[in-house]
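Thanks for coming, everyone. Let's get the structure up on the screen and walk through a few parts of it together.

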Amino acid sequence: MPNGSDPVHDFTTQEYKYGFVTEIDADTIPKGLNEDIIRLISQKKNEPEFMLEWRLKAFRHWRTMTEPRWSNVHYPPIDYQDLHYYSAPKSQTNGPKSLDEVDPELRRTFDKLGIPLEEQKLLAGVAVDAVFDSVSVATTFKEKLSELGIIFCSFSEAVQNHPDLVKKYLGTVVPYTDNFFAALNSAVFSDGSFCYVPKGVRCPMELSTYFRINAAKTGQFERTLLIADEGAYVSYLEGCTAPMRDENQLHAAVVELIALEDAQIKYSTVQNWYPGDKDGKGGIFNFVTKRGACRGARSKISWTQVETGSAITWKYPSCLLLGDDSIGEFYSVALTNNFQQADTGTKMIHVGKNTRSTIVSKGISAGRGQNSYRGLVEIHKEAANARNYTQCDSMLIGEKCGAHTFPFIDVRNTSSQVEHEASTSKIGEDQIFYCQQRGLKAEDAVSMIVNGFCKEVFRELPMEFAVEAQRLLEVSLEGSVG
Amino acid sequence: MLIIRNLHAEAEGKKILQGIDLEVKPGEVHAIMGPNGSGKSTLAQVVAGHDTYDITTGEVLYEGKDLLELSPEERAWEGIFMAFQYPVEIPGVRNTYFLKSALNAIRKARGESELDAMDFLDLAKDKMRLLNMEESLMERAVNEGFSGGEKKRNEILQMAVLDPKLAILDETDSGLDIDALKIVANGVNALRGPNRAIVVVTHYQRLLNYIVPDFVHVLVGGRIVKSGGRELALELEKQGYAGIEKAAAESRL
Amino acid sequence: MNGAEYPSVLKEIIMNEIDRYLISYENFQKTRSEKEPSWIRRIRKDAIERFAHLGFPGPRQEDWRFTRVKPITRTSFERVDGLRSNGLSSGEIARRTFNDAGCHRLAFVDGHYCAELSSQVGSNSGLVIESLADALQRRAALVENHLARYARFEEQAFIALNTAFISDGAFVYVPEDATVVEPIHLVFASSGLPSSTPAIGSATSNLHVDKAGPDAPSTNGNAPRTHPRILIIGEKGSRATIIESYIGLKQDAYFTNPVTEIILGENADVSHYKLQRESDAAYHVAALQANIEKDARFSSASISIGGALVRNDVNVILDGEGVSCALDGLYLGDNRQHVDNHTFIKHAKPNCESFELYKGILDGRSSGVFNGRIYVDPGAQKTDAKQTNNCLLLSDDARINTSPQLEIFADDVKCTHGATVGQLDEAAIFYLRSRGIEENDARHMLIYAFANEVLDRIHLAPVRDRFATDLFEWLSK
């Protein structure tokens, strides 16, 4: 049965859509990492003394640390002296400008990425902070948000205009001592987004940051700090892309979320960094520390991530459930195709009473992709009546990929309940045949089945991004079947 | 419409079909009966293009084309539909979305315009009334958590919507109570027409009380050992397969 | 772990801890008969060198993160030379283990074979049930073909330690297509007597090549340690049931360090049980390595009740197609007990199935660890693996760390795992109470029901009954 003998046939891999390079005059500092470089970065950003001190402390600590090797990913050693730690378009050197002043070349870049930096053209109800290499290019809807007392700006601006808030919260969820990459980020981070939602304010629009790596041989180290004061609500989304390059590029970000009493933060990520080519050449090394602290009673932090890009993803968005009755959630889709590797999951640390957490993780491995879920559920003694439910499902497409599950459960009281379920199975050949019998092409059948598999996670995403996520999954799966 | 000549098929080295000859013309309803393991379902799956089976000899022509050269979806586009004995569950994919995608894939392949959501829903609702189906089933994931009867009705609904030229019902009666059986049969009968052929694969003649066939074939040991009209099914019901199996075994000696 | 990972202050101490065993090894080697085959000496030497290199595992090793072996390393345990008088009787063994009337029984006290307490042993039409010391003399070639070839002393310090001190233990050989009808009971009793207690000279002479003499020069009456070694070979088509029992006769500290190797040929069918009832102060660090060939069936149930610090490693390699493997476990913890179960099932070939169910009940200030890995090799298609770990915490001071892991490198597989940690269903307790059952009884009933799922899977009635009784006793303590 010639055609029927292989239900899913080969077809050409579509090029990574966002792989272009923007030709732009950049201010790039020399390669290497030392205290002078850190002083230079701090100076370029015109930072107050406390920031420089903090960076230097982080750097000195980083030098005492060794790169972690416990995760299930394999990559060649990174030469931290062979990287540029700061690169910014020259036109942006004097800090972010108003929207009309943005360099037309940058504007075109973001247009091409589907992120027009003109408020009227943007998706209704989404404010964007656009970050290009080391700097924030523009932030939309700033004024409109400030009427409500919401601060949404680049991190650099926050350091200039709201130093007290930065000083109060920076490093309180992810201290610079936390891990190797967090320490590195703390020393050299160049920009990122900052958001503060005041007491009782429900942010009326989605806030989003779009990260773009452009320069070669440059690491991107952004830092996001998001604070929801008592009773506040905010939904935040980040997206990421990078050019196609043969060498690997390093991205080591830190995200800190703080939810005070009755506050809610919903943080969604659609990560589509360049994954490398079909032979595993190039691609982003994505080593990210994301953590949220539910400090107040009844606060809630919800992470949703769709990870389709990067050569390597190492990332565990976590929740510290400190306040009584606080809630942590983690919804994740991670897809690895070709030679991609992902080691991702979450930590739910239950400290407060009646705290609840939910983990739903969907891993899809195709090609030679290796996909690991790694998670920790820790119930402290004082966390009476804590609840956790974890569900981890893996789907395998093709025989050369791998799916791995490493959950760790640590329970120290009798009133809590923890439930973990996991399954791993092959994409159903009977499902594909059923769809084909009804007239669907094999590749459409695969993408329909995979999308169905991820449904529980997609429905947590804001509408526009759910559609984007589904489409991304289709593109990422191309060439995976055959 | 469908011509099968000397078809031999095997799976994992085990011979299952051992020389099937069958011709089905437009407007006809054929019943293929046989004991368990006789190869009935294999025949249905081979026509639909399932890749578990290796065709060792023989040919299958469909409207003059070599059917064995086509992928399962191409066969669907050409108008072949199989109602599965065990309809597959696809978690997370809504029934409406699935069926609309299938219908539009077929329409597109035939050069017809695709239906939009509204037109599709009108069409689907129409057919659902015919099958006495609850509309809520359309909003659930494909076959997931459906009862046995719901699954079978869902198959017939898909058949009604996709409007095939050749429909093969693989043990559609299994697991149905008498009321559900009647509903399914009514659904199938409504689709009978001069341009459509229907092949009913079944173990029992019960279904044939409601879907009255023009021809009945008895499949034993991978071969059609007897063909006849409606009365053959009744005869089988009275005598069981034992007599025919014995005769078949002897004829092979 | 090698010493280098510790701060330098501790390094000295740790080196001494290792040195203690190196000195003990030297003395032990001196006592061995010169008639011993050279290969066994070489294995011991390789193992002690490996142990010296590995050192005791520390918390930075992933597999030992939650189990600290310091209580073992800082105590001067000593090997016991020869069999001592201990007052143990056959009836006492049955009382402390299970009613094993009719079973083949190999009994060991402080690591040494005790003929008086053994029954129905020896060799008959190819079937061999005897002490390892005897087997080393009588059928050295057969032993050489298998001993220490499966349990990885190269990587595991405690296996290396056992291997370095191999002298006695159990040897079971079931020839092709043979069925051993009566279960084979291997009993390892620890007398709890200090190492200086003199041996019964005559009882050891024909069984052992050991010569009496102090293990380490300057000590007097240290806590004893044993390194029982068990080798079980089931040839093609063979069938047998084997039970390992560990009991402590006195409530003193001692250290048991057994290693079991099980090798099953094609289509063999072996049920294995391990019943651990050491004394409350005992340390028990055990490893089981099973290599299973095509179409064979293997089950192993581990019940752990005693011991202050208990570690069980179970490694199974499904090394042929069509293997079916079941691992069950029930562990009870109270007071300050620490019970750690690590299981590893490697699906190396296609079309195998494995089923695993471990349950723990932890009370007092006890802590439990469960780490279950299912590893599916590339090409091990059609693997069907299911793993479940459930744990009940009965006290706010008890703690469980559980980690069910899947590592899958083949696509056509069905693998699931589930883990739950919780407490008794209050609604169920209320329901029982509303029917007139006292609260405490209601709780016991539900705990019993929780454990029963594992007990139900024990097909050997006397063993099952014994542990049902034990569980009730444990609950009403």
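**Strands in chain A**

Okay, let's start with S19(A) and strand S21 (residues 387-397) of chain A, which pair in the parallel sense over 11 bridges. Across that pairing, Thr358(A) has Tyr389(A) in S21(A) as its bridge partner. When I say strands pair, I mean that DSSP finds at least two bridges between them. And the strand and helix names are DSSP runs numbered from the N terminus: H or I with at least four residues for helices, E with at least two for strands.

Before I go on, this is a predicted model: local features need pLDDT of at least 70, side-chain atom pairs count only at pLDDT 80 or more, and totals for chains, interfaces and linings use all residues. Residues are numbered from 1 along each chain as its sequence is written, while chains are lettered from A and ligands numbered from 1 in the order in which they are written.

Back to S19(A), which also pairs with strand S17 (residues 327-336) of chain A, parallel again, over 10 bridges. There, Arg356(A) in S19(A) stands opposite Ile327(A). So is S19(A), residues 356-366, enclosed or open? Eight of its 11 residues are buried, so the rest of the structure largely encloses it. Buried here means 20 or more other C-beta atoms within 10 Å of the residue's own, exposed means 12 or fewer, and partly exposed is in between, with C-beta atoms placed from the backbone.

**A helix in chain A**

Next up is helix H2 of chain A, residues 49-63. Which of its residues are buried? They're Arg55(A), Ala58(A), Phe59(A) and Trp62(A). Looking down the axis of H2(A), those buried residues fall within an arc of 100° (taken from the directions from the helix axis to the C-beta atoms), so they line one face. Turned away from that buried side, you'll find the exposed Glu49(A) and Glu53(A). Helix H1 (35-44) and helix H7 (180-188) of chain A are among what covers the buried residues.

**Where A meets B**

What about the chains together? 23 residues of chain A are in contact with 27 residues of chain B, contact being C-beta atoms, placed from the backbone, within 7 Å. On chain A's side, helix H8 (429-437) and helix H9 (442-453) are the elements giving two or more residues. H8(A) has the largest share, six residues.

**A hairpin in chain C**

Last stop: strand S4 (residues 122-124) and strand S5 (residues 127-131) of chain C run antiparallel, joined by three bridges. In this hairpin, with two residues between the strands, Ser125(C) takes a positive phi near 35°.

How values were computed
Two residues are in contact if their C-beta atoms, placed from the backbone, lie within 7 Å.
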